[in-house]
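Here is a walk through one protein model.

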Amino acid sequence: MNPQLGEIWVYLSASPLLGLSMTLLAYQGAFWLYQRSGQNPLANPVLIAVSLLVLFLTLTGTRYETYFAGAQFVHFLLGPATVALAIPLYTQFKRIRTMLLPVIAGLLAGSLTAVASAVLIGRWLGASLPTQLSLAPKSVTTPIAMAIAERIGGIPSLTAVLVIMTGVLGAVGARTIFDAMKIHDPAIRGFAIGVASHGIGTARAFQVNEQSGAFAALAMGLNGGLTALLVPLMASWIGKG
């Protein structure tokens, strides 16, 4: 490497702005590809952006802690963005109220299925107990999932990876599954993806239409709370395997 370029890189790599800049550039590039593909679910911008960032950190030998020192500004904005989801929820409040019983039934069925199926598949594949416990909360947003995993004896870092994988898979494959099952109601589609694929799925739902996004946001919030209650209670059942 040219000595001058090396000096510039050393300076930039020590700056917190590097992580922030690379995050914004990676997502902007990923979103451009997503738009160019005609919004094909397979070109999910989160998946592409994460892949680009992992490649960048690997090739440059940048420690995650160094990267996150700058990227934490984006992380901070997750709080206000989550609170802002109350706005589309308010606009859909009348329909949510008329669908209260289906919402409760869908939430219970979806939450229990997400936990039980993940644990049983992991057990069938021979996963260790800590791995099974890490799998249990994979359908809720990362901070809640990691806290649950730590509380019940799972591996929080593994849970974080599983949460992202779950969200991306849901965002990529949900439309195909809904179409195959002939489910066309945007509220039902949104609620289902919110239960199964938390924030990443909710972001995808908002790209489809506001009603899907509102019901996905509702499901994401309710499922986070319900899973935080259910999984610690189910931990003894998981341990018996």
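A residue counts as buried under 20% relative accessible area, as exposed over 50%, and as partly exposed in between. The model is predicted. Begin with Leu112, which sits in helix 8, the run of residues 100–124. Its relative accessibility is 39%, so Leu112 counts as partly exposed. Leu112 also belongs to a nonpolar surface patch.

Now go inside. In soluble globular proteins, nonpolar side chains tend to be buried together. Here the largest nonpolar core has 25 residues. Those with the most contacts inside it are Ala136, Ile152, Phe191, Phe215 and Val231. Which helices each supply at least two residues of this core? They are helix 8, helix 10 (142–152), helix 12 (186–208) and helix 13 (210–239). Helix 13 gives the most, with nine residues.

Take Phe215 as a close-up. Leave aside its neighbours within four places in sequence. Phe215 is then in contact with Gln92, Arg95, Ile96 and Met99, and also with Ala187, Gly190 and Phe191. Another core lies apart from the largest one.

Charged side chains come next. Side chains of opposite charge can pair when their charged atoms come close. How many salt bridges does the structure hold? There are two.

One joins the side chains of Asp185 and Arg95, at 2.7 Å from N to O. This pair links distant parts of the chain, 90 residues apart. Asp185 is in the loop between helix 11 (156–180) and helix 12, while Arg95 is in helix 7 (residues 93–98). Asp185 has 25% relative accessibility, so it counts as partly exposed. Arg95 has 28%, so Arg95 counts as partly exposed.

The side chains of Asp179 and Arg189 also meet in a salt bridge, at 3.2 Å from N to O. Asp179 lies in helix 11 and Arg189 in helix 12, so the pair ties together parts 10 residues apart in sequence. Arg189 counts as buried because its value is 17%.

Definitions and conventions. Residues numbered from 1 in each chain as written. Predicted model: local features only at pLDDT ≥ 70, side-chain atom pairs only at ≥ 80, totals over all residues. Heavy atoms only, no water. Patch = residues over 30% accessible without salt bridge, like charges linked within 9 Å, V, L, I, M, F, W, Y side chains within 5 Å. Areas by Shrake-Rupley, 256 points an atom, 1.4 Å probe, with all protein chains shown as cover. Salt bridge = Lys/Arg side-chain N within 4 Å of Asp/Glu carboxyl O. Helix = DSSP H or I, 4+ residues; strand = E, 2+ residues; numbered from the N terminus. Buried < 20%, exposed > 50% of the residue type's maximum accessible area, 1.4 Å probe, protein only. Core = buried A, V, L, I, M, F, W, Y, C linked by side-chain atoms within 4.5 Å. Contact = heavy atoms within 4.5 Å.
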